[in-house]
Structure formats: structure tokens, C-alpha cells
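The exercises below ask you to read a structure step by step. Try each task yourself before you turn to its solution.

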Amino acid sequence: MQMQSLTLRGGVPSARRAAPPPASSAHLAAAGPCLLRVPRSLRRRRPRSLRASASLEQEVKEVAPAPSGKSSQATRRDVRNIAIVAHVDHGKTTLVDSMLRQAKVFRDNQVVQERIMDSNDLERERGITILSKNTSITYKGTKINIIDTPGHSDFGGEVERVLNMVEGVLLVVDSVEGPMPQTRFVLKKALEFGHAVVVVVNKIDRPTARPEFVVNSTFELFIELNATDEQCDFQTVYASGIKGKAGLDPENLANDLGPLFEAILRCIPEPRIEKDGALQMLVSNTEYDEHKGRIAIGRLHAGELQRGMEVKVCTPDDSCRVAKVSELFVYQNFSRVPVESVGAGDICAVCGMSDIMIGETIADKVTGTPLPTIKVEEPTVRMSFSINTSPFVGREGKYVTSRNLRDRLYRELERNLAMKVEDGETADTFLVSGRGTLHLTILIENMRREGYEFMIGPPKVINKTVDGKTLEPYEIAAVEVPEEYMGSVVELLGKRRGQMVNMEASGPEGTTLLKYKIPTRGLIGLRNAILTASRGRAILNTIFDSYGPWAGDLSSRDQGSLVAFEDGSTTSYALLNAQERGVLFVQPGQDVYKGQIVGIHQRPGDLAINVCKKKAATNVRSNKETTVVLDEPLSYSLDDCIEFIQEDELVEVTPASIRMCKNPKISKKK
């Protein structure tokens with residue numbers, strides 16, 4: 001990597017640079033400091049300090065001796081730690097795929113699936129990142145540790161947690177959409193940590209790309225979030241993650257991601273460490289392996305960690321216990337590689353501590369002290385989990401008791417810091433709180449696949465009482481909708497107490513971006529309603545904003561439920577009559593029980609119907625039997641069911657089925 005020479009002019013450092021940097025990655029090392037490429041009208045004049053470069057052969061450079069004389073502050077020149085953050089579907093994971101391929105992580109003849117970092121089954125099915133993942137590449141002798149993070153707001157706890165391990169972030173922004181609600185959230189957290197930011201305008205190859213608008217909007221977002229002058233002078237890289245190309249000019253991309261790699265080396269600061277300090281490592285993530293047990297993942301802040309050494313595990317309340325490091329790993333390419341020792345500044349995985357938790361510190365056995373623990377924002381939505389009480393209990397599930405349910409829910413707390421579990425009113429009921437309905441739905445789906453059988457109640461928001469006033473959570477909802485459906489969407493948002501914040505044209509496709517501040521209560525069931533009103537063409541994104549005054553009563557579901565009248569198996573004869581009352585969820589030959597919701601009533605209020613009635617047999621058949629024509633039953637997913645149910649209804653979750661039913665406890669009270 002070529003170094004940049006510095007000369008002093010009038011007491012202010014300035015870079016001696018030639019012509020504008022070419023697109024070829026071979027010369028990008030001399031591209032100078034990280035500069036924001038926006039129109040002069042938006043730039044704020046400020047002095048810019050440049051960091052003098054040292055030789056890359058010097059891996060650790062001492063910068064200041066500590067007052068005690070025992071340890072010294074230093075920087076590691078051979079390591080960079082970055083997190084890739086963005087709004088959902090802006091292309092983080094695809095960009096990481098291209099980075100891994102170009103860093104020769106895989107063999108030339110190796111078959112590699114798309115979105116290799118999304119290794120979880122649910123992530124592949126839904127096309128979203130749920131859990132943060134670690135990997136690393138080596139570029140020009142420098143190891144770059146990369147953390148791929150979720151983009152959905154409900155998994156913001158994952159993002160907050162991993163930002164403790166890095167010194168900088170790649171903020172990926174779509175070249176058409178620009179900054180979205182989750183972009184604001186992840187950028188705000190990164191700026192609070194003081195991290196350096198490299199902005200990657202992704203999907204630059206889209207026909208409707210508008211890079212200048214996106215960069216200007218991103219700069220304005222930095223200003224809104226009170227970024228420092230140094231953070232506002234961010235480097236902008238234009239990229240096409242799916243094609244594996246990048247450049248400093250949207251019209252002149254290199255044939256590889258070299259410009260992006262060079263920007264990382266140039267703009268992301270080196271890890272600052274205690275060169276000779278006592279061992280300190282904050283556990284930011286945990287994994288589980290059948291053979292190795294629990295694995296603690298984090299960045300080593302000070303000292304050196306060795307395999308087989310005895311350490312002290314400290315908690316924030318100063319209670320410590322002794323443990324031993326049985327195995328030690330670092331992330332190399334796409335796998336964990338065993339090593340004998342790890343130096344400060346690197347990210348590693350530690351085995352041998354079966355009870356270690358996220359937020360604890362692995363410290364020196366004698367002089368170690370705990371680091372500040374990880375704090376994440378409070379949950380906003382709560383749901384009740386209880387044992388299955390339907391007549392079909394035990395047919396499909398392996399774990400059905402309250403003890404099984406309790407153990408699994410409390411085990412989830414070990415790695416999911418943004419979730420909370422409390423005991424409910426009865427011994428077989430538990431209250432689970434999370435960032436949003438999707439956050440809880442992913443837990444439910446994982447438990448279902450593990451063989452658990454249980455019931456869940458409708459989602460409820462978590463309110464606060466301040467000075468005798470009830471406050472409820474509000475969120476910013478961004479809806480991208482074609483103009484012809486805008487009236488229906490605006491009407492829906494208005495009914496749910498939404499207040500318009502902004503409305504602007506979103507690209508040349510004839511779509512409009514609506515931004516509303518809306519109570520979290522109003523978002524429950526809103527996604528399906530908006531999709532129906534826009535014929536499936538609207539896109540809804542939300543992010544938590546703040547707590548505000550109680551908005552009053554909201555209009556709930558306009559239609560009631562069709563409820564099974566008795567136990568039995570459904571028949572075509574009964575369903576033919578029942579479908580005149582509304583839309584059905586069941587088909588002929590399906591077992592149902594009394595109290596099960598079998599459809600949506602076309603009017604307000606519930607209606608009990610008999611879907612198991614058989615046609616009476618008679619002695620005379622004068623005419624041939626008429627063919628029964630039934631409408632296609634409505635298929636509801638787990639997310640749809642949770643949004644559909646009301647206060648007196650439950651969702652029955654089993655490994656093979658998802659059903660809805662009336663809550664017998666509330667029905668008896670009525």
C-alpha cells in the first residue's frame with residue numbers, strides 16, 4: 001500500500017496529491033484522506049486533520065505511555081475491525097459475498113451459494129439477516145474482520161451489541177431509496193460510539209439510480225444526528241455488490257472491489273489497545289457447538305489471551321469467578337481457525353466457559369477488572385406464551401409442558417439481550433417482551449421447528465407512566481406506495497392515529513414516500529392492510545422513535561371471526577354453506593375442534609358455524625349429485641395470524657400446524 005506524503009503549509013497539514021484518483025484499485029492507496037463528495041453548497045468549511053501514515057511492517061505502534069508506566073496505548077497496524085450496517089434489503093449480505101469471493105476465500109472450483117453469510121434456515125427462507133455473523137479477509141497483508149449485521153429494526157439489539165467490537169462501519173445505502181428509517185438508527189448508534197463511517201452507495205447499476213441525491217440525503221442525516229466534523233468528512237464509495245465492482249466515481253467503477261478495500265484501510269482507524277496492559281475482553285456474542293459447548297465471541301481490548309491459561313470472568317456488579325480457556329479461535333476467511341494465542345485488537349472466539357454470558361468480561365486472573373457492560377434499548381412489544389390447552393395437544397409436538405417452555409424461553413435470554421421474559425399470572429404463562437412482532441415471531445418459529453408446542457396471545461405495546469401520565473411508544477413508518485394507491489394508504493394510516501411527517505417523490509417510477517409518526521399499537525396488523533389496499537405494491541418500513549402521549553382508542557379489526565361449532569372433520573357440504581358467511585381458513589377433511597377459528601366473518605362480531613355437518617342420507621336419488629365448488633381457503637402464515645387475533649383469541653403453534661382459537665378463559669368470563 002503506497003503511503004501519502006504530508007507537507008505543512010501555514011501550520012495546517014495538507015496532502016500533496018496529484019490528479020483525481022483513477023478508478024483502478026492499484027492506485028487508490030494514494031487517494032488521500034476520507035473526503036465527502038457532495039456539492040459545495042452543502043459543505044461546511046472546517047479544518048481537517050490528516051493522520052500521518054507509518055510503515056505497514058510495524059504492526060503495533062506506540063503512541064502514548066500510560067501514567068502508571070505499566071502499560072502503553074498503542075495501535076495495531078495489521079488489523080481493521082468493521083461492521084456492515086444498513087436498512088433491510090439495501091444489499092449488505094450480497095456485498096459481503098463479493099468481498100469474500102474477491103479475497104479468494106473460496107476455491108476456484110468451490111460451489112458457493114448466494115448470501116453465504118445467511119446460514120440460518122429462517123434467514124434463507126425470509127431473505128433477511130437475523131443474527132450477526134463474523135468473518136474476515138486479508139487484503140495487502142492487513143486482516144479485515146467483518147461483521148454482517150441485520151437490517152430490520154426489530155433486530156436492532158444485534159447491531160447495538162456488535163458495535164462494541166469494531167472501530168468503524170460501512171454504511172450501505174441503496175442508490176435509489178437513499179437513507180431509510182433503519183439507516184438512521186444504525187448510523188445514530190455508530191456515531192454515538194464515535195466510529196468512523198465509510199458510506200457505500202450500493203446498487204449503483206440500477207437504471208433509476210440517483211447517487212447525488214443519496215449522498216446529499218446521507219450528509220443531511222449526519223448533520224441531523226449531530227455528527228462531529230471528522231465524522232461528516234466521510235468517504236463515499238459507489239458499488240454494485242452483486243457484480244463485485246466499486247469506485248470513487250459513480251460513472252467510473254473499477255472491475256473489482258479494490259476501491260472499497262482501499263477505503264477501509266485508509267479511513268477505518270486501527271484498533272487502539274493497551275500494549276502491555278492486563279487482559280480484558282468484553283463478550284459481545286455467544287454461539288453454541290455440540291462438541292465445544294458455549295463459545296464466547298468478542299474483541300480483545302488489552303493484553304494477550306492464550307490457550308490453556310486461567311482467567312477471571314467478571315460481571316458488571318464486580319462478582320468474579322475463575323475459568324480456563326480450553327480452546328481459542330480467530331476468524332480467518334469464512335471459518336474459525338484454532339490458535340495458541342491472540343493479541344489485543346483482534347476478534348476471537350473462546351471455549352471452556354459453559355456459563356459465560358454476553359456483557360461479561362474475560363480478564364486477567366490477578367489484576368483483571370470488568371469493562372462497561374453492553375446496554376441496548378428497551379423492548380416495546382409484549383406477548384404471552386402459555387402451554388397448549390387445545391384438544392389436539394401432544395399430537396405433533398415433542399415439548400409440551402410448562403417446564404419445557406420456561407427452560408427454552410430463559411435460555412433465549414442468554415444471547416438475545418433485546419428480549420425479556422417474565423412469569424405470568426399463572427404458572428404455565430410467561431410474558432415475553434421484544435423490539436417488535438417480527439422479533440418475537442422469529443423466536444416462535446425457531447421454537448416451533450425445535451419441537452415445541454404452545455399458545456401465544458395477541459401482541460401488546462409496553463406503556464410507561466411518567467408524572468401520572470400514560471406514555472406509549474411511537475414509531476416512524478415509511479411507506480413507499482404507487483401514486484394510484486396513495487389515497488387508500490393515507491386513509492389507513494389516519495385511522496390508526498398516524499401523523500404525516502413528510503411526503504416526497506421516490507424515484508422516477510411514479511412512487512411516493514410517505515413518512516408518518518404513528519403509535520406502535522397502530523402498526524399491529526397494518527402491514528397486511530396496506531398490502532391489500534395497494535394490491536401488494538406498497539413497502540412498509542418502521543423504526544422506533546420515542547415515547548409520547550397516549551393517542552386514544554384505535555379502530556381495531558372491522559370483521560369478526562367464524563368459530564367452529566363442534567369437534568370433528570370438515571365436510572364439503574358444510575363448507576359450501578359456511579363460505580357464504582365469509583372467507584374460510586379450512587378445507588374438506590381437516591380436523592377442527594370447538595372454539596377453533598375457521599374463517600373471517602364478513603361482518604363485525606363472531607359467528608359460530610358448523611363446518612362438520614354431513615349431508616343426510618335418503619332412500620331416493622332422483623338426480624345425480626351436484627358437484628360442490630368451494631372457494632380456495634385463505635392460508636395465513638404465523639405473522640399473519642399474530643396480526644389477525646384480537647384480545648380474546650390465541651394462536652396455537654405446533655411443529656406441523658398453526659391454528660387460531662378463542663381464548664376459553666376470556667370466553668368464560670363473558
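**Exercise 1.** Find what share of the contacts between residues at least 6 apart in sequence joins residues at least 24 apart, and describe the chain around this figure.

*Solution.* Among the contacts in the protein chain between residues at least 6 apart in sequence, 70% join residues at least 24 apart. The model is a predicted one, and its secondary structure comes to 15 helices and 40 strands. Of the 670 residues in the protein chain, 52% are buried. The chain exposes about 31,000 Å², of which carbon and sulfur atoms supply 48%.

**Exercise 2.** Decide which parts of the model should be read with caution, using the pLDDT of the chain and of its elements.

*Solution.* Then turn to the elements, among which strand S2 (residues 12-15) has the lowest mean pLDDT, 33, while S26 has the highest, 93. Over residues 1-32 the pLDDT is below 50, although the model gives this stretch 60 contacts beyond near neighbours in sequence. A further stretch, residues 106-118, stays under 50 as well, and for it the model has 37 contacts beyond four places in sequence. Where pLDDT is low, the predicted coordinates should not be read in detail.

**Exercise 3.** Work out how the rings of Phe-385 and Phe-454 are arranged, and which parts of the chain their pair ties together.

*Solution.* The structure holds nine aromatic pairs. One of them is formed by Phe-385 and Phe-454, whose ring centres lie 5.5 Å apart with 15 degrees between the planes. Planes under 30 degrees apart count as stacked, so this pair is stacked. Finally, check the cover: Phe-385 counts as buried at 0% relative accessibility, and Phe-454 is buried with a relative accessible area of 0%.

**Exercise 4.** Carry out the corresponding steps for Phe-392 and Tyr-593.

*Solution.* These two residues form an edge-to-face pair, at 5.1 Å centre to centre and with 90 degrees between the planes. The pair links distant parts of the chain, 201 residues apart, since Phe-392 sits in the loop between S23 and helix H8 (402-412), and Tyr-593 in the loop between strand S36 (591-592) and strand S37 (597-601). Buried means under 20% relative accessible area, and Phe-392, at 7%, counts as buried; Tyr-593 is buried too, at 3%.

**Exercise 5.** Determine whether helix H1 (residues 92-102) is mostly covered or mostly uncovered, and name elements that cover its buried residues.

*Solution.* Eight of the eleven residues of H1 are buried, and the helix is mostly covered. Among the buried residues are Leu-95, Val-96, Met-99 and Leu-100. What covers the buried residues of H1 includes strands S5 (79-86), S8 (168-174) and S9 (196-202), together with helix H7 (258-267).

**Exercise 6.** State how many residues the largest nonpolar core has, and follow the contacts of Val-199.

*Solution.* The largest nonpolar core has 39 residues, and Val-199 is one of those with the most contacts inside it, a group that also includes Leu-171 and Phe-222. Leaving aside neighbours within four places in sequence, Val-199 is in contact with residues including Leu-171, Val-173, Phe-222, Phe-234 and Val-237.

Note on methods: Residues are numbered from 1 along each chain as its sequence is written. This is a predicted model: local features need pLDDT of at least 70, side-chain atom pairs count only at pLDDT 80 or more; totals for chains, interfaces and linings use all residues. Side-chain values use heavy atoms; hydrogens and water are left out. Rings of Phe, Tyr and Trp (its six-membered ring) pair if their centres lie within 6.5 Å; planes under 30 degrees apart count as stacked, over 60 as edge-to-face and the rest as tilted. Helices (H or I, at least four residues) and strands (E, at least two) are DSSP runs, numbered from the N terminus. Buried means under 20% relative accessible area, exposed over 50%, partly exposed in between (1.4 Å probe, protein chains only). A nonpolar core is a set of buried Ala, Val, Leu, Ile, Met, Phe, Trp, Tyr and Cys residues joined through side-chain atoms within 4.5 Å. Contact means heavy atoms within 4.5 Å. Accessible areas come from the Shrake-Rupley method with a 1.4 Å probe; for residues, only the protein chains shown count as cover. pLDDT is the predictor's confidence in each residue, from 0 to 100.
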